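Subject: Handover of a structure and notes on its contents

Dear colleague,

Please find the structure below, which I am passing on to you for your further use. My notes on it come after the display.

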Amino acid sequence: MKDFRVTPIRNGTVIDHIDCGQALKVLRIIGITDSVRSTVSVLLHVPSKKDGWKDVIKVEDRELDTKEVDKISLIAPKATINIIRDFNVAEKFNVKLPDVAKGIVRCGNPNCITNMDEPVETEFIVESKDPIVLRCLYCDRIQEDVADRVV
Amino acid sequence: MSFKGADVVSIRDLSREQIEQVMDLAEKLVPYATGEKSTRAMEGKILGNLFFEPSTRTRLSFESAMVRLGGRFIEIAQPQSSSVVKGETLADTVRMVEGYADAIVLRHPHEGAARLAAKYCSKPVINAGDGAGQHPTQTILDLFTIRQQAKGIADKNVVLVGDLKYGRTAHSLAEALGMFGANLTFVAPPLLQMPKETIKHLEKSGITPRLSSSLAEVISDADVLYVTRIQRERFPDPSEYIKVAGSYRVDNSLLRETKKDLVIMHPLPRVDEIAPEVDHTDNAKYFHQAFNGVPVRMALIMLVLGGEL
């Protein structure tokens, strides 16, 4: 029996070291829905050499852009991104939470001006990276449950 | 640092030195604010007052401030009669008004509105209150009143009482008083006590506020008593409201327990948290505090527009 459960991919992205239990949220924020035309493999709760258990996502024929990587950093700050080209890892990097999170989260304050119909991108000051604490640049509100409001 | 062209959005954007600069100028402007002296410092300048929410003191004192400086103002005082009802965004409104005015004063029901306006508008924007958010000119006039009436801020015992959880003036004032080295006491029923976030912010700058739910317990060594209104709608049970509100009522019998020169302040409007009998004592400074809105706002207008007396 082979020792891997999912076969290697030819081209695409492997998101590794996702915090255990967060893979389905990651799928949502990178826009993986029924309409994708390539194969997506999701591994939940697999052993990790680094820290206990992890989730892994493999998306074929797709490379993530910076904004998508920023979004992943909000819910899986330890994730690594592997860009695969012709079965080889062409690029590998860790997600990194930016100092200012722009346009990737909705403000949790329903009365914040950014939740009205204004032509403005949300902006959050990252006050702490571990645990993740964001403060809205507009209404000053400290954000809770950020993962649910990634746009 | 020069204020000219700057926005005044949040008290947190200002350093202690800048706040002092505003207060020093406000002090010089007092005789101009009373009408005793006159100036044309802002002659030819136009202030655009955009009030998207009802306001009495803030709007009138900004208007009075600009007129006392020899300038003029244009205003939207009833948003229902403006293009906002046609669905215009705030971003568009401020870019339109900046063509008609030299600076914009904004009161808005949504938090963060002033920051947004400042982003879109190339002229200075002064935040006159955004929803439950910031109201920096109120904070500065409160500090100014304490400095003037209690003869200083550092090491003074300042007691904030009332709805400290939802009252927007209380949070910014507490942070600013902390920056100036006052000793802080927060008196409120546990449900309406100062938010943890504000307390943490104070502790970070080395201030440990005293928390209490009893005014009588802490009043004897207070130099300043800052009273805010407890709103009836915060209490699901009206009888609970009456009980709580009654226990924080300031009247002459409470004053018997206090320092003789205690300064009593209130951002107004008050309902019944300060008994009318207190108005006749030398301790009552809340109407003077409301007047101080004029010299403080005159100072801010002059600083952001750059003018001389």
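Predicted model: local features only at pLDDT ≥ 70, side-chain atom pairs only at ≥ 80, totals over all residues.

Chain A: overall layout

Chain A has 151 residues, of which 33% count as buried. Its C-alpha trace spans about 55 × 35 × 25 Å along the principal axes. Two helices and eight strands make up its secondary structure elements, and their order from the N terminus is β-α-β-β-α-β-β-β-β-β. If one takes the contacts in chain A between residues at least 6 apart in sequence, 64% of them join residues at least 24 apart.

Chain A: two domains

The domain assignment of chain A gives domain 1, covering 12-94, and domain 2, covering 100-149. Between the C-alpha centres of these two domains of chain A there is a distance of 24 Å. Seven residues from domain 1 of chain A and seven residues from domain 2 of chain A take part in the contact. On the domain 1 side, helix α2 of chain A (residues 66-75) supplies the largest share, namely five residues. By class, that side of domain 1 of chain A, where it touches domain 2 of chain A, comprises three nonpolar, no polar and four charged residues.

Chain A: backbone details

In strand β1 of chain A (residues 12-19) lies His17(A), whose phi is near 60°, a positive value in a residue other than glycine. Is His17(A) buried or exposed? His17(A) counts as buried, because it has 20 C-beta neighbours inside 10 Å, and a residue with 20 or more is classed in that way.

Phe87(A) also is not a glycine and has a positive phi, of about 70°. The position of Phe87(A) is in the loop between β4 (80-85) and β5 (88-94) of chain A. Phe87(A) is exposed, because 9 other C-beta atoms lie within 10 Å and the class takes in residues with 12 or fewer.

Pro131(A) is found in the loop between β7 (123-129) and β8 (132-136) of chain A.

Chain B: two domains

For chain B, the domain assignment gives domain 1 as 11-134 + 293-305 and domain 2 as 137-289. The C-alpha centres of domain 1 and domain 2 of chain B are 26 Å apart. The contact draws on 16 residues from domain 1 of chain B and 15 residues from domain 2 of chain B. Which elements give two or more residues to the side of domain 1 of chain B that touches domain 2 of chain B? They are α1 (16-33), β4 (125-130) and α11 (286-305) of chain B, and α1(B) gives the most, with five residues. This side of domain 1 of chain B has 10 nonpolar, three polar and three charged residues.

Two packed helices are described by the angle between their axes and the distance between the axes. For α1(B) and α11(B), the angle is about 115° and the axes are 7 Å apart. The crossing of α1(B) and α11(B) is right-handed. Residues of α1(B) in the contact include Val22(B), Leu25(B), Leu29(B) and Tyr32(B), and those of α11(B) include Val294(B), Pro295(B), Met298(B) and Leu303(B). The residues of the contact of α1(B) with α11(B) divide into 15 nonpolar, no polar and no charged.

Chain B also has a cis peptide bond between Leu268(B) and Pro269(B), with omega about 5°. Pro269(B) belongs to the loop between β9 (263-265) and α11 of chain B.

Contact between the chains

The contact takes 14 residues from chain B and 16 residues from chain A. On the chain B side, the elements that give two or more residues are α3 (90-97) and α4 (113-120) of chain B. The largest share of this side comes from α4(B), with three residues. The side of chain B that touches chain A is made up of five nonpolar, six polar and three charged residues.

With kind regards

Definitions and conventions:
Residues numbered from 1 in each chain as written. Chains lettered and ligands numbered in written order. Domains from an automatic or database assignment. Contact = placed C-beta atoms within 7 Å. Helix = DSSP H or I, 4+ residues; strand = E, 2+ residues; numbered from the N terminus. Nonpolar A, V, L, I, M, F, W, Y, C, P; charged D, E, K, R; others polar. Axes fitted to C-alpha atoms, helices over the stretch in contact; angles between N-to-C directions. Left-handed = near helix turned anticlockwise from the far one by under 90°.
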